[in-house]
Amino acid sequence: MNSSDARHISVAINRSPREVYDFASKPENLPRWARGLAGSIENVGGEWIAKSAMGTVRVRFVEPNTFGVLDHDVTLESGVSVHNSMRVVARDDGRSEVIFTLFRRPGVSDAEFDADAGAVEKDLGALKEILE
């Protein structure tokens, strides 16, 4: 893996890190801002199941924490699991920075990787719009 296999996509949000984390860490809020991942989501037997453009996927977030970690695994219908690293960090001015690290999956072309990055940017933009 080299530096072109990962992108750090971020957005500043004019809310405190706690407020951003509290909203973004709730799976039931995903359809409001992570439209690329979840058109709808429901808890079925303790598992979060989302309907998305990728089909039906399972979403599992890291345990609630005080560090702003929003990492989550998305398991596709094929059984392939994709780990998504995401953090809310405090800025010096009291605002938040939300950072998503996008890793290129094996076999993904440059155009597909660019499209994935664009989808993440759009989702983070929606999160900003909702919270501001």
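This is a predicted model: local features need pLDDT of at least 70, side-chain atom pairs count only at pLDDT 80 or more; totals for chains, interfaces and linings use all residues.
Two strands count as paired here if DSSP finds at least two bridges between them. In the hairpin of β6 and β7, 5 residues lie between the strands, and Gly94 takes a positive phi near 90°. The two strands run antiparallel and are joined by 6 bridges. Ser85 has Thr101 in β7 as its bridge partner, and Val89 is partnered in β7 by Glu97.

The hairpin of β5 and β6 also has 5 residues between its strands, and here Gly79 takes a positive phi, near 100°. Strand β5, residues 72-75, runs antiparallel to β6, with 4 bridges joining the two. One of the pairs to look at is Thr75, whose bridge partner in β6 is Ser81.

Stepping back to the whole sheet, 7 strands make up an open, antiparallel arrangement in the order β1-β7-β6-β5-β4-β3-β2. The edges are β1 and β2 (40-44), each of which pairs on one side only. From one strand to the next, the twist averages 25°. At the β1 end, β1 pairs with β7 in the antiparallel sense over 8 bridges, and Ile9 stands opposite Phe100 in β7. Helix α1 packs on the sheet and touches β1, β4, β6 and β7, its direction making about 155° with that of β6. Helix α3 packs on the sheet too, touching β1, β6 and β7, and its direction makes about 15° with that of β1. As for β7, this strand is largely enclosed by the rest of the structure, because 6 of its 8 residues are buried.

Next come the helices. Two packed helices are described by the angle between their axes and the distance between the axes. For α1 (residues 17-24) and α3 (residues 110-131), the angle is about 115° and the axes lie 11 Å apart. Their crossing is right-handed. On the α1 side the contact uses Val20, Phe23 and Ala24, which meet Leu127, Ile130 and Leu131 of α3. Sorted by class, this contact has 6 nonpolar residues, with no polar and no charged ones.

Then there is the interior. In soluble globular proteins, nonpolar side chains tend to be buried together. The largest nonpolar core in this model holds 33 residues, and those touching the most other members are Leu30, Trp33, Leu37, Val98, Leu124 and Leu127. Two or more residues each come from β1, α1, α2 (30-33), β4 (55-61), β6 (81-90), β7 (96-103) and α3. The largest share is that of α3, with 7 residues.

Neighbours within four places in sequence aside, Val98 is in contact with Ile9, Ser10, Val11, Ile13, Val20, Met86, Arg87, Val88, Leu124 and Leu127. Val20 and Leu127 also turn up in the contact of α1 with α3.

Ile13 is another residue worth a look. Ile13 sits in strand β1, residues 6-13, and counts as buried because its relative accessibility is 0%, where the cut-off is under 20%. Again leaving out neighbours within four places in sequence, the contacts of Ile13 are Val20, Arg95, Ser96, Val98, Leu127, Lys128, Leu131 and Glu132. Between the C-alpha atoms of Ile13 and Gly68, which are 55 residues apart along the chain, the separation is 14 Å.

Pro106 makes a handy contrast. Pro106 lies in the loop between β7 and α3. With a relative accessibility of 81%, Pro106 counts as exposed, since the cut-off for that is over 50%. Along the chain Pro106 and Asp5 are 101 residues apart, yet their C-alpha atoms are separated by 9.5 Å.

Definitions and conventions. Residues are numbered from 1 along each chain as its sequence is written. Side-chain values use heavy atoms; hydrogens and water are left out. Buried means under 20% relative accessible area, exposed over 50%, partly exposed in between (1.4 Å probe, protein chains only). Contact means heavy atoms within 4.5 Å. Axes are lines fitted to C-alpha atoms, for helices over the stretch in contact, and angles run from 0 to 180 degrees between N-to-C directions. A crossing is left-handed if the near helix is turned anticlockwise from the far one by less than a right angle, and right-handed if clockwise. Ala, Val, Leu, Ile, Met, Phe, Trp, Tyr, Cys and Pro count as nonpolar, Asp, Glu, Lys and Arg as charged, and the others, Gly among them, as polar. A nonpolar core is a set of buried Ala, Val, Leu, Ile, Met, Phe, Trp, Tyr and Cys residues joined through side-chain atoms within 4.5 Å.
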